[in-house]
Number of protein chains: 4
Amino acid sequence: MSPIDADVHHPMLTHDHASEWLGIEVLHLGDGQATIAMTLRPEMMNGFGITHGGMIFAFADSAFALACNPADGDGSTVTVAAGVDVNFLAPSRAGQRITAVATRRQQQGRSGLYDVQILSDDGATVIAEFRGRSRTIPNRHTK
Amino acid sequence: MSPIDADVHHPMLTHDHASEWLGIEVLHLGDGQATIAMTLRPEMMNGFGITHGGMIFAFADSAFALACNPADGDGSTVTVAAGVDVNFLAPSRAGQRITAVATRRQQQGRSGLYDVQILSDDGATVIAEFRGRSRTIPNRHTK
Amino acid sequence: MSPIDADVHHPMLTHDHASEWLGIEVLHLGDGQATIAMTLRPEMMNGFGITHGGMIFAFADSAFALACNPADGDGSTVTVAAGVDVNFLAPSRAGQRITAVATRRQQQGRSGLYDVQILSDDGATVIAEFRGRSRTIPNRHTK
Amino acid sequence: MSPIDADVHHPMLTHDHASEWLGIEVLHLGDGQATIAMTLRPEMMNGFGITHGGMIFAFADSAFALACNPADGDGSTVTVAAGVDVNFLAPSRAGQRITAVATRRQQQGRSGLYDVQILSDDGATVIAEFRGRSRTIPNRHTK
């Protein structure tokens, strides 16, 4: 969908084992924005032969985390998901490549609201709509 | 937490690769109910060293699916997640064992509402509260 | 449904014009709990002749506010709704008496999670399920 | 905010007592879209002197209903709210004029997803973000 930025890099991903396992590829990062892609694998399917809702959610959640946390942040705070409302709209299957587009919708103090749309690779099908509520907290690891 | 039922078995799990990957253990199944457990592994952690929200969600979603779909159903219909509202309340970490308790709250026609509580193994900490909206649809695989 | 407590009184209601307009009657107040009732009036109906979703929500929200804010609080803080996920399950109509039962589900620091069930007067029909996210903030009026 | 269309009229409003009570003014109607305004009155305030969440919700819900139900529909079906996730972002007060902008985000078969943004009259403050899940059902009144 989006053209791939040559050197997209985010320090958060260096140690993000879950995103690595999912096989997440970062296509674009911007202020309050992130676009990522992944290819669905057999081990992401549920007992009905369609993608497990949790894998779609995990993928969207990774886009949300990248949009929330600036790549050039000083590390004194981290922004995490306080909650999410997600609607599953269409099934997806192993072998399919999917995209997640995360966009900041609101930010007030330490609370934010982000929309993540999960799409088929051609952008023709909306697989899920994810609305994340973020909360910025002190980073205990750096203190 | 819950005592392990000796022969808990659900046909849905036979082909559920995602639940297998997560390492889900079924502790109890009942009418509109399911209790499962899993042990968090390093590859489920995010860049902040805590469990990726998507892994908590995937775990809760598996409990939800087991509670929605009776083990002795005739396979003509399947019940899937139409949407979920989830609140993340406390972090969890690699090595920790966690439990999900899914309970049917409402069922009206083909729509249902299920609560899933994700707990630390000792039950002392609520890690997340998940409310799933289910929808029962014809099973295209069996038709 | 619930027996009416003889002297249920909550200082918050003294100046709550919206609850007064709705005609809310307080049946029970407890720690993190509130049960209220109201009778639906023609002006609460929408263009389809059933109760406007906003009126059901307003009613549930009043129960939520009463459950969040202790009647004997010192007034230095107030607890407000940060957000809500609501599911409308059955219609209701003018002339019907309905009940809302609010219960605290979680409280961690300044954030809480409350369930409010809206029922027909006989308790046989669940009209809506409301899950409120609360946030406790300093009371600017008293400072 | 939006310029007022000279002859905005929607048959649903003819019998919508709740919208009439709220004092809703329709500014614009389009395909899957509606913009409305209202002026907050003292009886819409809660015990903290700010607008009752239920009144904000009722206002947003009216915009949602107008966006869901085409003014020139044949009346054989109606589209109702199955559920809503709402986030309250900023307080509002009596005397203030507020606007709600409803937009269709997704429609698949009988299920839809609509975003409603509630704004201060100058558009500078987002008071709430409302995401409605719609469901189209047969209209029993016309059958």
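**Burial and overall form of chain A**

I looked up burial first: in this predicted model, 48% of the 143 residues of chain A count as buried.

I noted the conventions: residues are numbered from 1 along each chain as its sequence is written, while chains are lettered from A and ligands numbered from 1 in the order in which they are written. Local features need pLDDT of at least 70 and side-chain atom pairs count only at pLDDT 80 or more, but totals for chains, interfaces and linings use all residues.

I then checked the radius of gyration of chain A, taken over C-alpha atoms, against the globule rule of 2.2 Å times the number of residues to the power 0.38. For 143 residues a compact globule would have a value near 15 Å, and chain A has 15 Å, which agrees. The C-alpha trace of chain A spans about 45 × 30 × 25 Å along its principal axes.

I read the secondary structure of chain A as three helices and six strands, in the order α-α-β-β-α-β-β-β-β. These elements are DSSP runs numbered from the N terminus, with helices being H or I of at least four residues and strands being E of at least two.

I took two residues as in contact if their C-beta atoms, placed from the backbone, lie within 7 Å. Among contacts in chain A between residues at least 6 apart in sequence, 63% join residues at least 24 apart.

**Confidence**

I looked up pLDDT, the predictor's confidence in each residue, from 0 to 100. Chain A has a mean of 89, with 92% of its residues at 70 or more. Residues 1–6 of chain A stay under 50, and the model has 10 contacts for them beyond four places in sequence. Where pLDDT is low, the predicted coordinates should not be read in detail. For the complex the predictor gives an ipTM of 0.89 and a pTM of 0.91.

**Helix α3 and Cys68 of chain D**

I checked the length of helix α3 (residues 53–68) of chain D. The expected span is 1.5 Å times one less than the number of residues. Its 16 residues should span 22 Å, and the end C-alpha atoms are 22 Å apart, which agrees. I found 16 of the 16 residues of α3(D) buried, so the helix is largely enclosed by the rest of the structure.

D:Cys68 is in this helix, and I counted it as buried because 24 other C-beta atoms lie within 10 Å. Leaving aside neighbours within four places in sequence, D:Cys68 is in contact with D:Thr79, D:Gly112, D:Tyr114 and D:Ser134. D:Cys68 and D:Ile137 are 69 residues apart in sequence and 12 Å apart in space, C-alpha to C-alpha.

**Thr14 of chain C**

I turned to C:Thr14, in helix α1 (residues 11–14) of chain C. With 9 C-beta neighbours inside 10 Å, C:Thr14 counts as exposed. C:Thr14 and C:Pro91 are 77 residues apart in sequence, and their C-alpha atoms are 30 Å apart.

**Chains A and D**

The same surface serves both copies, since 100% of the contact residues of chain A recur in chain D.

I listed 11 residues from chain A and 11 residues from chain D in this contact. On the side of chain A, β3 (77–88), β4 (97–108) and β6 (126–138) each supply at least two residues, and β6(A) gives the most, with four residues. By class, this side has three nonpolar, three polar and five charged residues. The classes are: Ala, Val, Leu, Ile, Met, Phe, Trp, Tyr, Cys and Pro nonpolar, Asp, Glu, Lys and Arg charged, and the others, Gly among them, polar.

**Chains C and D**

I found 35 residues of chain C in contact with 34 residues of chain D. The largest share of the side of chain C, nine residues, comes from β3(C). By class, this side has 18 nonpolar, 13 polar and four charged residues.

Note on methods: Buried ≥ 20, exposed ≤ 12 C-beta atoms within 10 Å, placed from the backbone.
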